[in-house]
Amino acid sequence: MQGLVRTLTLGFFALTWMAPLVAADAERQVEVRNGTAKFETATNMPAIRVHGTSNQLRASARLRESGGTVILEGLEATLPVASLSTGLGLRDTHMRKYIFTTVEGNVPDVRFVAPRAECSPSGKALTCSVAGELAIQGRSRPLTIVLNVRNESGSFRAVGDAVAKLSTYDIEAPSQFGVKTHDDVRLRLEFTATPVQQQASNGGVR
Amino acid sequence: VKPRVAALAGLLIVAVAGRAFALPTMIRLGYRECAACHVSPQGGGPLNVYGRAVDEAQSRRAGEYRPTENSILKALSFGGRVTQDVRMVLQDQRAWASQSSTTHTLWPRLVYRNITEVGSRFNAAATITTQTESVPRPAVRYDPGTGAPAVFVNTALLHYEATKSIAFAAGRDQLPTGINIPDQGVFIKSRNRLGYDEAPTQVKMFWNGPRFYVSPFAFAPGGHEAAGEGESGGGTLAEFDVVGNQKTIVGVSLVRGSAQHFDRDTIGVYTRLGFGKWGVLAEHDVTDRERHVQTPASFQQQASYAQVFWAMREWLVISGIGERLRVEAPFESRLTAGKLELAARLTNQIAVGASARVQREQLTGRVNTSAAFQIALKSPQ
């Protein structure tokens, strides 16, 4: 009987939202494919803001639980520049040229890496302050992304915000016919991270 | 019979016509206000230099905007202080109505638009239309028709930009309206007010906040209205960006006006929603009206408009449009209409459009069908 109770109890915990995180101190590899990355920047004209979106955010990280805190390690995320769209083809061309192209003419992916981040419970979710480095044109600069993570049937639905400054990359804010974007660019990430092991058994990520 | 056919033609012209090229549909890209691309905060009229660049970028050519190097045009711009163009709009349409003959109408219009800077914060705007075909607003039993003269001053305004967010205007123009579509023939334009012939004298303010836009106004007759129909009053437009992404606008409009022959109070709600390649424009207006002459009566009128649009390409937009008009007794009417519209911007100087529309009067079962083709040419800047 005691064995049955123990089994049911373990099963219950395995099915709860914390299960993939709390299940063990063992590391879990999680992966993101086709996540969404958005940006928005204001301009010197009140009626004009520039929005952009990509649905090709990819990332991977290791997850482990330690003393009630979830720890993210080895986080790496990439975003192909060509996948970013503002809805206006010519504006996309300008954006790639003025923001993402190196002096050598290369257009490297946008890349974010964070060696380690801690996530603490916040209601039914986790809040992760991910301090890392964002690379634009291959130049890395510090950036902190605050992620709100919810468990959804074993996967992790995350939404995060950050603000990047073009000037820290020595990129001048683009200007077109009197409309000049601000230096601050608001970033928003929306993605589902899935344990790699689960992906294998499910045939892929959501 | 001829007057009936002419009236039908006029009705269908107004019902089908639309410039189709000014673009509240730009909400899909987060352009929530006309001021982003137009010199006038209310929209319409010449584009500012940024708007010209967007215009070119969204054309089939999708090129970089280059200001004209034509020496005459450059000289006429007086160092950039004068923005002006000439626009030719040709509309060809056929209309079929139940128990009536087919009508074929070629409606050419020549529009001159000018905005002249007067000092650093003032500018004067003028739009003048000439047309060979008189296109009357349809006369209905509770509203006499109007006939725009061969030369019609649509706009004569003095603008004052107090700050980047606040501007004032005084003169003659269309009143600020909800979704602000350019087609003046739709019910929410031609039945709520004078449609293409709307040009009252007015003062108005434009206040463009981070997530809101307010435009209060007061108006008086424009001088071209029929006797006793010149209206005075005031109102306001107030809209809010719900999500804060500049693509989810909801607003309310209020207009109160009175003339010797009538009074009317209109309250409307509207929305402009953008979702990248597609979006929705919708408006519903309720007008309490009172006629003092001919058939004195108090009655209510409701006009609705809904448009779903999809940018198949940046330069090619297809729309499905539904309209509804309800007028209470003693002028009872129950009109519904559907329209399919295609608008293509080939270059920043050439745009074409085609549309097909079906309208049904539910009380009589009468059906009007029409198809139109339109080409708009604009001089270079």
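The contact between the two chains, in this predicted model, draws 24 residues from chain B and 18 residues from chain A, where contact means heavy atoms within 4.5 Å. About 1800 Å² is buried between chain B and chain A, and carbon and sulfur atoms give 58% of that area. Buried area here is the accessible area, with a 1.4 Å probe, that two parts lose on being put together, summed over both.

Between chain B and chain A the count of salt bridges is zero; a salt bridge is a side-chain nitrogen of Lys or Arg within 4 Å of a carboxyl oxygen of Asp or Glu. The rule does find five residue pairs in polar contact across this interface, both residues being at pLDDT 80 or more. A polar contact is a pair of N or O atoms within 3.5 Å; within protein, one must be able to donate a hydrogen and the other to accept it, and residues adjacent in sequence count only if both atoms are side-chain atoms.

On the side of chain B that touches chain A, helix H2 of chain B, residues 49–57, gives the most, with five residues. Helices (H or I, at least four residues) and strands (E, at least two) are DSSP runs, numbered from the N terminus. By class, that side of chain B has 10 nonpolar, eight polar and six charged residues. Here Ala, Val, Leu, Ile, Met, Phe, Trp, Tyr, Cys and Pro count as nonpolar, Asp, Glu, Lys and Arg as charged, and the others, Gly among them, as polar.

Residues are numbered from 1 along each chain as its sequence is written, and chains are lettered from A and ligands numbered from 1 in the order in which they are written. Local features need pLDDT of at least 70, side-chain atom pairs count only at pLDDT 80 or more, and totals for chains, interfaces and linings use all residues, while side-chain values use heavy atoms, with hydrogens and water left out.

I turn now to helix H2 of chain B. How many of the nine residues of H2(B) are buried? Eight of the nine are buried, so the helix is largely enclosed by the rest of the structure. Buried means under 20% relative accessible area, exposed over 50%, and partly exposed in between, with a 1.4 Å probe and protein chains only. Among the buried residues of H2(B) are B:Tyr50, B:Arg52 and B:Asp55. Their cover includes helix H3 (89–100), strand E8 (175–176) and strand E9 (179–180) of chain A, together with E1, strand E14 (333–345) and E16 of chain B. At the N-terminal end, B:Asn48 caps H2(B), with a side-chain oxygen 3.1 Å from the backbone nitrogen of B:Tyr50.

B:Asp55 also takes part in a salt bridge with B:Lys378, the closest N and O atoms being 3.1 Å apart. B:Lys378 lies in strand E16 (residues 366–378) of chain B and B:Asp55 in helix H2 of chain B, so the pair ties together parts that are 323 residues apart in sequence. B:Lys378 counts as buried at 17% relative accessibility, and B:Asp55 is buried at 6%.

A further salt bridge in chain B joins the side chains of B:Asp85 and B:Arg113, at 2.8 Å from N to O. This pair links strand E1 (residues 82–97), which holds B:Asp85, to strand E2 (residues 103–118), which holds B:Arg113, 28 residues apart. Both B:Asp85 and B:Arg113 are buried.

In chain A, A:Glu40 forms a salt bridge with A:Arg49 at 2.6 Å between the closest N and O atoms, and A:Glu40 counts as buried at 12% relative accessibility. A:Lys38, A:Asp161, A:Arg188 and A:Glu190 are linked in a network of salt bridges. Over all chains, the search finds 29 salt bridges.

As to the overall form of chain B, its secondary structure comes to four helices and 16 strands. Buried residues make up 52% of its 381 residues.

Finally, some backbone details. Most residues other than glycine have a negative phi, and most peptide bonds are trans. A cis peptide bond joins B:Ala329 and B:Pro330, with omega about 15°, and B:Pro330 lies in the loop between strand E13 (316–327) and E14 of chain B. A:Phe177 has a positive phi, near 50°, and is found in the loop between E8 and E9 of chain A.
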